[in-house]
Amino acid sequence: MRQKAARYKAIAIEQVRLIDGTGSVIDRATIVIRGTTIASVGPSRTVVVPPDITRIKGRGLTIIPGLIDCHVHLCLGAEPDVVSTLESEQPAYTLLKAARHARETLEAGITTVRDVGSRDHLIFTLKRAIEAGLQPGPRIIGAGQVLCMIGGHARFIGREVQGAEQVRDAVAAQVAAGAQVIKVIASGGVLTPGTSPDEAQMTVEELRTAVEEAKRLGRPVAAHAHGATGMANAILAGARSIEHATLLDDETADLFEHHAVYMVPTLSALATTAACRRGCGIPDSALDKAKAMTKRHHASFKLARRRGLLIAMGTDAGTPFNHHGDNAQELERMVALGMAPMEAIIASTSGAARLIGAGDRIGSLARGMVADLVVINGDPLAHIDHLRDRNRMLGVMQAGRFVAGPLAQ
Ligand SMILES: [Zn+2]
């Protein structure tokens, strides 16, 4: 750790356009970073920059908080057939792949991810390696294996359970291994053959038990659900977020609202699969399901916005052709469906941080917050795609250190 500390220095970025992550913009801001945190931030005329500090001229540049992707699978490599790929790999090989994906994610300006399903317990090993400075990567909130019913969706990265007792054991085992969130599968899915997205999976009692046990251990629950019944079951059981929420209706939107549950739409997941033609390598069953649901998914997202539901950004990166490092495509997709760029940025910073229980440390640029930020030569409020343009990415700062981009050199 001594080595790492030596690389920290006090930095001021001056006269920069600052998007703070909560909805405010300061056109000429100065931000001072000391150690791992933000020491001061505000309009340039009000911030005193101490002497003997590295100064970066920010005129013409924009900074935003490091992005937070609430739904990734670092162990999946965006291969056309992720299920058979994973099943053919040795676990150690999968871990090496996940490490590479972690680096690609960080380099794209994603400084934190919630990994909601991985092989065995490898995500916790990767997290430790990143925290020890062995490997570059985003801060990870990991679920480990998902909990699914016997023969259920996502069993290739899951632990199959039946009955309350097995659910309780599985939750406790995930937490003991390092899980900070518990992922349950409340409906069928796209990628697992033989499951249908609109069928509910796991019983209400099992979902309730998962939430109870997770709560007892201080962990929230994220639930995968495409269909309305699966969503309703998970919300009534006490889940904190619904992943995908593809087939939302008015009644289910009421439940989201009433229980203040987050929706993580993962528009990129269906879109990247549905964009493929037969023969691209994605199994036909997955392709057909994705194509059939895309329109409904868009309608669900629009309904959620009309109803003012809580939305946090998540891509499902790792699923077919949904590459790690392309995470900011999700903001483009949300904006294309009517969300204002500022809202998309909030959903990917302070909103996402609130969902993952880290809103007091990350997701906004304010004094005392961890210094996770991205310096961009561009204007994401006018062109949201600037966030995905590597030529515009001048620096990714994680906990006070530039870790990627020209400013890191
Ligand atoms: Zn997923």
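Mentor: Start with the residues that touch. Val204, Leu207, Arg208 and Val211 in α6 meet Asn233, Ala234, Leu236 and Ala237 in α7. The residues of this contact divide into 6 nonpolar, 1 polar and 1 charged. Keep in mind that the model is predicted.

Now the geometry. Two packed helices are described by the angle between their axes and the distance between the axes. Helix α6 covers residues 204-216 and helix α7 covers residues 228-237. They pack at an angle of about 40°. Their axes are 8 Å apart. The angle makes α6 oblique to α7, because angles of 65 to 115 degrees count as roughly perpendicular, those under 35 as roughly parallel and those over 145 as roughly antiparallel, with the rest oblique. The crossing of α6 and α7 is right-handed.

Next, strand β16, residues 373-376. In a regular strand the side chains alternate between the two faces of the sheet. In β16, Leu373 and Val375 point one way. Val374 and Ile376 point the other way. All four of these residues, Leu373, Val374, Val375 and Ile376, are buried.

What pairs with β16? Strands of a sheet pair through backbone hydrogen bonds, either parallel or antiparallel. Strand β5, residues 62-65, pairs with β16 in the antiparallel sense over 4 bridges. Thr62 stands opposite Ile376 of β16. Strand β17, residues 393-398, also pairs with β16 in the antiparallel sense, over 4 bridges. There, Val374 stands opposite Val396 of β17.

Then turn to another sheet. This one is open and has 3 strands, in the order β6-β7-β8. Its pairing is parallel. The edge strands are β6 (67-72) and β8 (139-142), and each pairs on one side only. Neighbouring strands of this sheet are turned by 15° against each other on average, direction ignored.

Look at β7 and β8 in particular. Arg114 has Ile141 of β8 as its bridge partner.

Finish with the helix on these strands. Helix α4, residues 122-131, lies across β7 and β8. Helix α4 runs at about 155° to β8.

Key. Residues numbered from 1 in each chain as written. Predicted model: local features only at pLDDT ≥ 70, side-chain atom pairs only at ≥ 80, totals over all residues. Heavy atoms only, no water. Axes fitted to C-alpha atoms, helices over the stretch in contact; angles between N-to-C directions. Helix = DSSP H or I, 4+ residues; strand = E, 2+ residues; numbered from the N terminus. Left-handed = near helix turned anticlockwise from the far one by under 90°. Contact = heavy atoms within 4.5 Å. Nonpolar A, V, L, I, M, F, W, Y, C, P; charged D, E, K, R; others polar. Buried < 20%, exposed > 50% of the residue type's maximum accessible area, 1.4 Å probe, protein only. Pairing = 2+ DSSP bridges.
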